[in-house]
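Me: I have a structure open and would like to learn to read it. Can we go through it feature by feature?

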Amino acid sequence: MKSDDPITNLVSAFARLPGIGERTASRLAFYVLNEPDSLADDIAEALMAVKDQVNLCERCCNLTQAETCSICRAPDRDHSTICVVANAQDLRAIENTGEFDGAYHVLHGVISPLEGVGPDDIHMSELLERLQSADANGGTEVQEVIVATSPSVDGEATSLYLSKAIKPLDIRISRIASGVPIGSELEYTDKSTLSRALSERREL
Amino acid sequence: MAGKHTSLVFVLRKVEYAERDVIATLFARDRGRFSAIAKNARGSKRRFGGGIQPMRLLRADYTVRTNSDLARLESIDVREDFPGIEGDFDKIAFGSYATEWTRELTVDADPRPDLFDLVGRFYRRLDRADCDPLLLEVALRHLQLQFFRYLGSPPNLDECIRCGTPTESMQKVYALRAGDGIICPDCVRTGEGVGVVFPQTLELLRYFRAPQGRPPDALTNSDALAQARRIIDATASQFLDRRLKSRPTLETSLKDPGELI
Ligand SMILES: [Zn+2]
Ligand SMILES: [Zn+2]
């Protein structure tokens with residue numbers, strides 16, 4: 001709810017961010033207030049720019065400033081292999097290993113029956129479209145899908161759903177090896193564990 | 001009871017909090033439902049490597065604080081996992097529904113070892129079951145009917161809830177749309193919402209109550225199955241004030257989902 005007091009409004013706006021409680025929010029608000037105007041200007045500008053200029057790649061749903069992201073545009077990558085990740089942070093973690101030269105698909109979430117998140121609530125249909133038609137994948141037919149969701153119940157549910165949907169198509173599907181500890185998150189997994197998990201993926 | 005504790009627990013829910021923390025709703029065998037924060041859970045493999053995950057029997061070390069409702073989860077150890085559930089989408093759907101069901105039908109700080117063991121038996125049963133949606137449903141309906149019994153309000157399937165006439169001697173059997181159980185034709189009051197219950201439905205509900213031996217043919221009768229589901233739902237509505245979030249996924253895994261309320 002909006003109040004008339006700009007400080008209260010700023011505090012409650014900060015408090016809506018993940019990981020920021022009421023106390024941190026008010027500390028941030030007073031910090032901004034006491035700093036020169038340039039800080040507030042820079043933050044406001046950066047916030048607007050990120051919403052205006054960053055959108056989803058029309059092919060893989062990665063975050064990009066263009067219509068398709070730089071990975072989908074790269075001519076030297078293998079666009080017949082798609083690594084499916086839950087979010088852009090996980091994509092970055094895999095890119096950082098330098099072990100994978102295929103394309104990605106970012107679901108922006110995972111299927112979570114317990115939280116009422118189904119396939120229609122994430123970017124699953126865009127992926128299925130790419131698998132069914134080469135046109136939706138920039139002209140390259142997909143040969144292999146690697147599911148790189150975290151090894152949790154939701155990550156498994158997502159992977160199982162996908163393998164069921166892919167079954168009728170002639171596409172290889174594998175799941176990253178569980179060198180990634182159960183219950184941990186990709187984003188926080190170290191590089192060597194992650195690259196081993198990729199190379200030791202198992203067929204589904 | 002402030003201080004350090006160790007309990008057998010099931011995770012009923014987990015929510016990411018702040019950068020690396022997790023807040024979990026736990027159901028402890030000796031403590032009932034409570035919430036706990038796991039600091040740095042998303043980074044620490046040593047303390048939470050086994051994973052704060054639903055549908056696993058865990059041993060949890062935690063600290064109860066005097067000034068907070070939120071306990072602090074120190075470490076977790078997997079005592080029993082159910083790979084059969086995690087390897088099948090339908091089983092995850094049924095298991096998730098049962099987990100959310102447990103979360104909604106239990107209350108904080110009320111130790112219910114009976115319900116805890118019931119949930120454990122359900123996971124074990126689901127884990128080993130063939131991947132047949134009807135068999136998975138038998139396990140779920142049994143869990144639900146047992147929950148009603150332990151909570152003290154099972155639908156009465158054996159006699160009229162008003163006059164006590166045994167169902168066998170009724171010419172026609174009715175059920176109240178609001179739940180509760182069976183009534184005989186003589187006890188139906190004008191204007192009250194009732195439905196005729198098929199004999200197969202009663203047979204099916206009794207099988208759900210004690211699923212021993214070969215399943216009755218009624219299990220494959222879609223009308224009886226739909227009606228049995230409605231009666232269980234009606235009873236559940238006394239305990240639930242909202243539709244469970246896991247319900248849409250469950251419906252995709254049910255055989256003949258039909259028109260569920
Ligand atoms: Zn892209
Ligand atoms: Zn009666």
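Reply: Start with a sheet in chain B. Five strands there close into a barrel, in the order E1-E2-E3-E5-E4, and the pairing is mixed. Ignoring direction, neighbouring strands of this sheet are turned by 45 degrees against each other on average. Keep in mind that this is a predicted model.

Me: In which sense do E1 and E2 of chain B pair, and over how many bridges?

Reply: Strand E1 (residues 3-17) and strand E2 (residues 21-28) of chain B pair in the antiparallel sense, over 8 bridges. Take one bridge: Glu16(B) has Val22(B), in E2(B), as its partner. A helix lies on this sheet too. Helix H3 (residues 89-105) of chain B packs there and touches E1 and E2 of chain B. The direction of H3(B) makes about 115 degrees with that of E1(B).

Me: Which strands are at the edges of the open sheet in chain B?

Reply: First, the order. Three strands form this open sheet, E7-E6-E8 of chain B, with antiparallel pairing. Its edge strands are E7 (182-183) and E8 (194-196) of chain B, since each pairs on one side only. Strand E6 (residues 174-176) of chain B pairs with E7(B) over 2 bridges. In that pair, Ala175(B) stands opposite Ile182(B) of E7(B).

Me: Now helices. How do I describe two that pack together?

Reply: Take H3(B) and H5(B). Their angle is about 10 degrees, and their axes are 10 Å apart. Under 35 degrees counts as roughly parallel, so H3(B) and H5(B) are roughly parallel to each other.

Me: Which residues make the contact between H3(B) and H5(B)?

Reply: From H3(B), they include Phe94(B), Tyr97(B) and Trp101(B). From H5(B), they include Leu136(B), Leu140(B) and Leu143(B). By class, the residues of this contact are 10 nonpolar, 1 polar and 2 charged.

Me: What angle do H1 and H2 of chain A make?

Reply: Helix H1 (residues 6-15) and helix H2 (residues 22-34) of chain A pack at about 130 degrees, with axes 8 Å apart. H1(A) and H2(A) are therefore oblique to each other. The crossing of H1(A) past H2(A) is right-handed. Among the contact residues are Leu10(A) and Phe14(A) of H1(A), and Ala25(A) and Leu28(A) of H2(A). This contact has 9 nonpolar, 1 polar and 1 charged residues.

Me: Which residues of H6 in chain B are buried?

Reply: An α-helix has 3.6 residues a turn, so residues three or four places apart point the same way. In helix H6 (residues 199-209) of chain B, the buried residues are Thr201(B), Leu202(B), Leu204(B), Leu205(B), Tyr207(B) and Phe208(B). They pack against helix H5 (133-150) and helix H7 (222-236) of chain B.

Me: Which face of strand E6 in chain A is covered, and which is uncovered?

Reply: Ile173(A) and Arg175(A) form the covered face of strand E6 (residues 172-175) of chain A. Arg172(A) and Ser174(A) form the uncovered face. E6(A) pairs with strand E5 (residues 144-147) of chain A in the parallel sense, over 4 bridges. There, Glu144(A) stands opposite Arg172(A).

Me: And how do I sum up chain A?

Reply: Count first: chain A has 8 helices and 7 strands. Next, extent: its C-alpha trace spans about 60 × 35 × 35 Å along its principal axes. Then burial: 36% of its 204 residues are buried.

Notes
Residues are numbered from 1 along each chain as its sequence is written. Chains are lettered from A and ligands numbered from 1 in the order in which they are written. This is a predicted model: local features need pLDDT of at least 70, side-chain atom pairs count only at pLDDT 80 or more; totals for chains, interfaces and linings use all residues. Axes are lines fitted to C-alpha atoms, for helices over the stretch in contact, and angles run from 0 to 180 degrees between N-to-C directions. Angles under 35 degrees count as roughly parallel, over 145 as roughly antiparallel, 65 to 115 as roughly perpendicular and the rest as oblique. A crossing is left-handed if the near helix is turned anticlockwise from the far one by less than a right angle, and right-handed if clockwise. Two residues are in contact if their C-beta atoms, placed from the backbone, lie within 7 Å. Ala, Val, Leu, Ile, Met, Phe, Trp, Tyr, Cys and Pro count as nonpolar, Asp, Glu, Lys and Arg as charged, and the others, Gly among them, as polar. Two strands pair if DSSP finds at least two bridges between them. A residue is buried if 20 or more other C-beta atoms lie within 10 Å of its own, exposed if 12 or fewer, and partly exposed in between; C-beta atoms are placed from the backbone.
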